[in-house]
Amino acid sequence: MSIILTKEEAKKIIDKVLAFSKADEMSVSLGGSRTGNIRYARNSVSTSGESLDLSLAVTAVFGKRSGTATINEFDDKSLEKTVRRAEEIAKLAPENPEYVPMLGPQTYLETSTFSESTAKIDPDYRAKAAFESIDPCSKKGLTAAGYLEDSSGFNAMGNSKGLFAYNKSTSIDFSITVRTADGLGSGYAIRDFNDASKLSTKSATEIAMQKALASSSAKALEPGKYTVILEPAASIDLLQNMMRSMDARNADEGRSFLSKKGGGIRLGEKLFDERVNIFSDPSNPEIPKAGFSGDGRPQEKIYWIENGVVKNLTYSRFWAEKKGVKATPPPSGFIMAGGTESLADLIKGTEKGILVTRFWYIRAVDPQTLLYTGLTRDGTFYIEKGQIKYPIKNFRFNESPVIMLNNLEAMGVPMRIGGSLIPPLKIRDFTFSSLSNAV
């Protein structure tokens, strides 16, 4: 059996499983993937490989009791055995007071998440991609450590109420860290695409090389509040954390930055700079996503923040039913609208500031204000009169993306990072609380 099943092949298996059901309700999830990778460190490949996976999960429901069983064998006897096992588990399970009956048939957006160029990747491609990253570093006496992973696969789901969903997708992810020979300079770049033809490991590595060479003689600046230019690799983590915190139930129950003191939620309030517009769109050609969420709800284009105003929150089906509103699923990726300036333009327009390549080791401090702490890494630079003057030692930061998006000065052209589209951001009064000696 092929690992990547067609829509028809997947539906045939799911229908067969559902036909074995004796439960009140049953859902079936089926997925397969071929994933390859290559990893290198100290300018030498350390591991590479390819894995194949095809598996099926069955969830049986009796009343408000549910049980799930999984299998990776697909003969009729094995499939029926898995259905019976799920039913046994369901009968033993406690009732779920928040159980919501399964969805019926849905209509989904057609999205283009599959690329033939990525599906065709083989070990030769991975070796060449690694070579084009390692070779320029080796020639300049720099040390490269990188990881490339490519995947092609499908996901399908169906249930006894008539729902069926199918999506075929590909992805390629690449990250590179370059260090100087003395270990004092470090640069970083990260790229991800659905279409492998858009990836150049060489050009990404060249950026990391430039940063490594430029950051090797870092000076210490006093901690404090600074104007910063955050590259997308820096702001993505803070923005993702904010987007994951837009759950209506947490807001209703007083556990969120969207909770009002004394009760109520801040839906419809202007909480950010009016230039902040964040939305999700599964059909966006730069970050295409499946047209359905994990529980079968359709994914649609939706504005979360429009002109600084909170427009929508995510709802579980249980909480939406309780509140009498539409059950909006969380987005699988998001788009922050930006400006027309390049990163270089943002630097040129900065009298005094700090350029941040990326953050790491981010931890939550206060969920009700979305205060986070973490460290800069792999290239932090002081800007003066529109030019990068010199590298600086890394900082620990204490900042909230909510405050950050109120202190917005300018935005550049969005780029794909981590499955989302994020512009470089120029932020005033960003809080650096202490120095870090780490590179």
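View 1. Tyr226 counts as buried because its relative accessibility is 19%, where buried means under 20% relative accessible area, exposed over 50% and partly exposed in between, with a 1.4 Å probe and protein chains only. The model is a predicted one, in which local features need pLDDT of at least 70 and side-chain atom pairs count only at pLDDT 80 or more, while totals for chains, interfaces and linings use all residues. Residues are numbered from 1 along each chain as its sequence is written, and side-chain values use heavy atoms, with hydrogens and water left out. The ring centres of Tyr226 and Phe432 lie 6.2 Å apart with planes at 50°, so the pair is tilted; rings of Phe, Tyr and Trp (its six-membered ring) pair if their centres lie within 6.5 Å, and planes under 30 degrees apart count as stacked, over 60 as edge-to-face and the rest as tilted.

**View 2. Charges over rings at Trp360 and Phe164.** The charged end of Arg377 sits over the ring of Trp360, 4.4 Å from its centre, and Lys11 lies over the face of Phe164 at 5.7 Å from the ring centre. The criterion is that NZ of Lys or CZ of Arg is within 6 Å of the ring centre and within 35 degrees of the ring normal.
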